[in-house]
There are 2 protein chains.
Amino acid sequence: MTPAATGAATQGAEGPLIPVLAVIGVGLIGGSVALALRQAGRVGRVLGVGRNAQSLARAQALGLIDAAVTPEEAAQADVVLLATPVGGLGAMLARLRPHLGAATLLTDAGSTKAEVVEAARAALGDRVAQFVPGHPIAGAERSGPEAADAGLYRGRTVILTPLPENPPAGVARVRDLWQACGARVIDMDAAAHDRVLAPVSHMPHLLAAAYMAQVAAAADAPARLALAGTGFRDFTRIAAGSPEMWRDIFLSNRAALRAELAAVRAVLDQAEQAMAAGDGGALEALLERAAQARRNWRKE
Amino acid sequence: MTPAATGAATQGAEGPLIPVLAVIGVGLIGGSVALALRQAGRVGRVLGVGRNAQSLARAQALGLIDAAVTPEEAAQADVVLLATPVGGLGAMLARLRPHLGAATLLTDAGSTKAEVVEAARAALGDRVAQFVPGHPIAGAERSGPEAADAGLYRGRTVILTPLPENPPAGVARVRDLWQACGARVIDMDAAAHDRVLAPVSHMPHLLAAAYMAQVAAAADAPARLALAGTGFRDFTRIAAGSPEMWRDIFLSNRAALRAELAAVRAVLDQAEQAMAAGDGGALEALLERAAQARRNWRKE
């Protein structure tokens with residue numbers, strides 16, 4: 001499948017070309033990788049796999065992919081990026097397994113890693129060395145191929161959670177792929193990844209979504225929402241994200257997420273007790289800790 | 001105190017000039033009004049009142065005010081804008097009361113209104129007709145005179161909650177002041193204002209602050225925060241706001257806020273039960289309601 005026509009370009013300016021990239025799930029996450037690698041001149045042909053034929057046709061019309069293929073065909077690509085909700089990753093890997101090219105490198109973009117690794121081991125068996133787990137910490141409230149953005153990963157962090165079985169060259173190639181998208185790449189243990197992402201990524205989404213569901217359910221929701229300002233706008237932005245993707249994240253990382261939720265509830269209890277008691281000092285101390293922590297957070 | 005030197009400019013391009021404006025609390029909120037009115041050519045002299053002499057000196061150096069004065073001197077201005085945390089408004093109005101000019105118009109920028117109106121009645125007595133309560137729905141995570149921005153209110157909504165005692169000309173003048181800052185002005189009942197602002201403004205701040213205090217208190221907070229991305233950034237932005245201002249808002253509107261918090265907790269309970277039961281359908285339905293509500297919210 002090496003594209004003869006692009007033979008002169010098999011070496012990009014900053015690294016080797018991926019002759020054939022297959023993207024499974026050509027939406028915001030997968031489509032943005034395809035666009036970024038194309039823009040960097042680091043990919044030959046891009047194949048797309050998806051459940052929705054219309055969505056794939058739009059992805060092709062938008063120039064994200066060159067052709068729509070089956071998972072079985074995708075399994076022969078040089079690199080296969082799985083960018084679907086994490087709950088379906090195991091089943092997809094099991095489907096790819098019998099058709100997997102000997103040198104095909106698999107990677108994913110899932111937001112949780114421990115369950116993904118477990119599912120990959122079960123699905124791939126002795127071919128699990130070909131799977132390098134990854135997670136780009138970038139996203140947007142939009143979804144679908146129209147949301148793809150070549151700059152989505154620029155300056156963002158991608159976490160790889162390599163397996164002991166992964167050959168160093170495979171890990172290096174996935175690292176190179178994300179660096180070509182403009183990202184900074186770090187390695188972590190899968191369990192540590194999930195413990196850290198529960199508080200800084202999954203919890204904000206849970207709180208924003210629970211809040212948004214509550215405010216929209218009120219009888220006077222239109223009157224309320226008409227008066228919402230820029231604070232509301234930014235606070236709720238993430239609540240518009242893909243419900244399917246976030247359902248899988250919450251289920252996959254529920255142990256860590258529920259532990260964090262208990263800790264957040266304890267702080268809400270403190271705030272509520274301070275309000276009930278009219279204790280301005282306790283309330284201000286809590287708000288001061290929050291404000292200081294946020295102001296000290298790295299500026300972007 | 002009418003500035004003779006600007007006699008030729010007593011009529012601005014779009015309405016009458018405020019010959020002397022006094023701003024009590026020259027930070028983000030008050031300083032931005034001063035800057036916007038200056039930019040629109042709608043104010044003569046601007047006087048500033050504040051507890052902190054250094055902050056007032058910076059406000060003067062930045063061109064927000066022409067001079068720092070005492071509350072007693074400020075009480076003689078044509079318009080006095082109180083832009084301090086709501087908890088101190090009653091005491092400030094009581095201090096202004098004995099020195100209040102016969103035609104001086106008082107207004108405020110406090111984020112809650114029912115308690116402010118009550119405090120104003122107690123402090124001003126038979127002069128309460130001179131006080132027109134207001135609330136600009138605009139803000140930023142920054143504070144202090146350096147945060148002042150002439151464009152802060154452009155395209156934003158300002159709610160006035162006029163008193164039965166207010167003469168129409170007084171209300172019209174305050175409306176005109178905010179319109180000159182670029183805002184859209186609407187009138188509401190003070191109690192209705194507080195009931196609506198609890199869910200769309202005060203609750204996001206409470207959740208963002210409680211979350212931020214929790215995430216920052218963890219033993220591995222630096223490792224967590226280093227991996228936080230754009231979702232975290234937007235979700236927590238408001239948590240950096242003035243602790244003193246928000247303490248007063250929470251105390252002032254605690255009845256409505258606690259009722260809303262109970263409703264948010266009920267949705268969190270649903271999410272937690274769905275996670276505990278591995279009920280993907282229930283979790284997705286909740287996330288779908290939130291995502292649809294957020295996507296349908298007016299775009300900005």
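Reader: Are B:Tyr211 and B:Phe232 buried or exposed?

Author: Happy to start there, with a note that this is a predicted model, where local features need pLDDT of at least 70, side-chain atom pairs count only at pLDDT 80 or more, and totals for chains, interfaces and linings use all residues. Residues are numbered from 1 along each chain as its sequence is written, chains are lettered from A and ligands numbered from 1 in the order written, and side-chain values use heavy atoms, without hydrogens and water. Buried means under 20% relative accessible area, exposed over 50%, and partly exposed in between (1.4 Å probe, protein chains only). By that rule, B:Tyr211 and B:Phe232 are both buried.

Reader: Which parts of chain A does the pair of A:Tyr211 and A:Phe232 tie together?

Author: Rings of Phe, Tyr and Trp (its six-membered ring) pair if their centres lie within 6.5 Å; planes under 30 degrees apart count as stacked, over 60 as edge-to-face and the rest as tilted. A:Tyr211 and A:Phe232 are edge-to-face, 6.1 Å centre to centre with 65° between the planes. The two residues are 21 apart in sequence, so their pair ties together helix 7 and helix 9.

Reader: How many salt bridges are there between chain A and chain B?

Author: A salt bridge here is a side-chain nitrogen of Lys or Arg within 4 Å of a carboxyl oxygen of Asp or Glu. One of them joins A:Glu284 to B:Arg247, with the closest N and O atoms 2.6 Å apart. Between chain A and chain B, the count is twelve.

Notes. Helices (H or I, at least four residues) and strands (E, at least two) are DSSP runs, numbered from the N terminus.
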